[in-house]
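Subject: Structure handover

Hello,

Here is the structure I said I would pass on. Please look through it first, then read the notes below.

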Amino acid sequence: MEYLQIGEIVRPQGIRGEVKLRAMSSDPDRYARLKSVYLLVKGQYVEHKVVKGRCAGGFAVLQLDGVKDRNEAETLRGVKVFVDREHAIELDEDENFVVDLIGLNAVDTQGNAIGTLTDVLSPNSICDVYVFDTPRGEMMIPALKRVVVEVDLDREKIVLDEAVLPEVAVWEDEPAERDE
């Protein structure tokens with residue numbers, strides 16, 4: 001994908017045309033450095049220059065060139081905000097963009113097929129949770145190095161440690177254990 005989503009406009013901010021975004025970046029300071037963004041409007045990516053940006057409390061606030069007042073900002077409510085890959089944040093060697101992971105096929109270290117990655121959840125700051133569609137149903141695992149042995153984007157596969165899976169995998173057909 002050429003564009004990476006970094007937010008969604010939730011409402012106008014103030015009366016001067018600023019918009020408040022639900023921030024979707026692991027780097028909250030990136031919003032202050034933005035020069036331009038792409039808004040997905042009616043299926044088209046429309047570039048907008050960023051006059052200024054900031055982030056606070058899990059939200060970002062952007063002043064977009066050409067959006068002069070609250071009424072114009074209101075028309076952007078619900079619009080998704082993107083950057084192109086050229087202006088994406090730099091990732092560490094062992095990091096990937098979620099959009100690049102979705103659709104990868106998972107196998108265990110013995111080469112046995114497991115399923116397809118359908119979602120990446122971020123429930124906390126400790127680790128993401130990978131969600132796979134498998135023949136048995138939905139399986140969730142923590143995205144930890146001891147579980148995820150390899151991510152190979154070129155070969156479109158994820159290798160999982162079959163020895164660790166039984167202790168960490170959560171299946172949709174298994175009731176959660178309760179501490180009594």
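**Cysteines, barrel and loops**

C127 is buried, with a relative accessible area of 15%. C55 is partly exposed, at 28%. Here buried means under 20% relative accessible area, exposed over 50%, and partly exposed in between, with a 1.4 Å probe and protein chains only. The count of disulfides is 0, where a disulfide is a pair of cysteine sulfur atoms within 2.5 Å.

This is a predicted model, in which local features need pLDDT of at least 70 and side-chain atom pairs count only at pLDDT 80 or more, while totals for chains, interfaces and linings use all residues. Residues are numbered from 1 along each chain as its sequence is written, and side-chain values use heavy atoms, with hydrogens and water left out.

Next, the strands. The order β1-β2-β5-β4-β3-β6 describes 6 strands that close into a barrel with antiparallel pairing. Strands (E, at least two residues) are DSSP runs numbered from the N terminus, and two of them pair if DSSP finds at least two bridges between them.

Two loop residues have a backbone angle to look at. K42 is not a glycine, yet has a positive phi of about 50°. K42 lies in the loop between β3 (36–41) and β4 (44–56), and is exposed at 82% relative accessibility. E156, also not a glycine, has a positive phi of about 55°; its loop is between β11 (148–152) and β12 (157–160).

Regards

Terms used: Helix = DSSP H or I, 4+ residues; strand = E, 2+ residues; numbered from the N terminus.
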